[in-house]
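The structure comes next, followed by the points in order.

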Amino acid sequence: MTTPDVAVRTRAELGEGPTWDPAAGRLVWVDILGARIHVYEPATGRRTVQTTEQHVGAAKPRAGGAGYVVNLRDGVGLYDTDGAFRWLVHEPVPGRRGNEAMVAPDGALWAGTMRYDSAPGGGTLARVTGDGTRTVVLDDVTISNGTGWSPDGRLMYYADTPTGRIDVFDTDGTGITGRRLFAAVEDTPGSPDGLCVDAEGYVWVALWDGAAVRRYAPDGTLARTVDVPVRRPTSCAFGGPELTDLYITSSSLDDAHPLAGSVLVLPDAGRGLPQAPFAG
């Protein structure tokens with residue numbers, strides 16, 4: 001298939017952060033501004049929604065099926081399976097909220113923040129471990145978005161959306177060094193938003209305002225473009241029993257298309273990497 005199908009038809013204000021939960025066979029994603037965690041089970045079509053008390057930038061499964069780690073307005077918290085909540089890191093900053101976050105291969109959460117007004121340099125990227133230790137790895141970030149790791153775990157890819165760049169770093173698992181350009185989005189409308197890395201080491205990135213998802217080879221050259229019917233795709237992740245289906249979230253903000261805000265799926269897009277649960 002060369003064009004995506006519809007997995008979940010909805011009107012999320014700012015759908016984001018798709019993550020495949022292999023233990024439960026389901027896709028977890030969020031509507032940031034709707035303050036909701038969504039769960040979709042492709043095998044049955046079952047959908048559930050959990051409301052959060054704050055805007056939620058990301059929700060990721062925890063180890064042992066213990067619930068979710070969430071990147072909220074005022075910090076990083078934990079939901080248990082019974083819905084009980086507690087803060088892991090509580091650091092409210094007026095005018096700032098959590099945005100995209102990803103779990104690294106070692107189980108730590110790399111959590112981004114941004115200003116509500118998207119003020120330049122108002123956000124950060126921080127590493128949060130299961131015991132609540134928070135270490136800022138990048139400051140002077142504007143809109144912290146896509147984060148992903150190479151199959152061998154030695155490279156980390158990252159997008160600060162307004163820069164129009166996907167950067168790559170060397171990493172030892174806890175820190176990052178050697179920041180350099182991986183790919184720049186200059187030849188087409190749109191800016192890099194959420195991303196994922198497949199089993200071949202190719203980087204897939206959603207283009208906000210670009211109505212497309214791109215696949216870049218490990219050397220940074222463009223390998224494939226998948227056009228989508230919505231103007232603002234936000235992120236992508238592999239899911240399904242064999243991790244071969246690419247799920248794409250989107251936003252309905254300033255997009256009147258009837259599918260804007262829905263979750264799309266591109267079957268047999270390739271093969272993804274297993275995503276570690278949060279170790280906490």
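Strand β1 runs antiparallel to strand β24 (residues 263–266), and 3 bridges join the two. Strands here are DSSP runs of E with at least two residues, numbered from the N terminus, and two of them pair if DSSP finds at least two bridges between them. This is a predicted model, in which local features need pLDDT of at least 70 and side-chain atom pairs count only at pLDDT 80 or more, while totals for chains, interfaces and linings use all residues. Residues are numbered from 1 along each chain as its sequence is written, and side-chain values use heavy atoms, with hydrogens and water left out.

**The sheet**

- Val8 has Val263 in β24 as its bridge partner.
- The open sheet holds 4 strands in the order β1-β24-β23-β22, with antiparallel pairing.
- β1 (5–8) and β22 (233–239) are the edge strands; each has a single partner strand, so one side of each lacks a neighbour in the sheet.
- On average, neighbouring strands of this sheet are turned by 30° against each other, direction ignored; the axes are lines fitted to C-alpha atoms, and angles between N-to-C directions run from 0 to 180 degrees.

- The structure holds 18 salt bridges, each defined as a side-chain nitrogen of Lys or Arg within 4 Å of a carboxyl oxygen of Asp or Glu.
- Asp254 and Arg232 meet through their side chains in a salt bridge of 3.4 Å, N to O.
- This pair links distant parts of the chain, 22 residues apart: Asp254 is in the loop between β23 (245–250) and β24, and Arg232 is in the loop between β21 (222–227) and β22.
- Asp254 is exposed at 63% relative accessibility, whereas Arg232 is buried at 11% (buried means under 20% relative accessible area, exposed over 50%, partly exposed in between, with a 1.4 Å probe and protein chains only).
- Both residues belong to a network of salt bridges that links Asp209, Arg231, Arg232 and Asp254.
- In the salt bridge between Arg271 and Glu242, the closest N and O atoms are 3.8 Å apart.
- Arg271 lies in the segment after β24 and Glu242 in the loop between β22 and β23, so this pair ties together parts 29 residues apart in sequence.
- Arg271 is partly exposed, with a relative accessibility of 45%.

**The Arg86 pair**

- Arg86 forms a salt bridge with Asp80, with 3.2 Å between the closest N and O atoms.
- Arg86 is partly exposed at 40% relative accessible area, and Asp80 is partly exposed at 24%.
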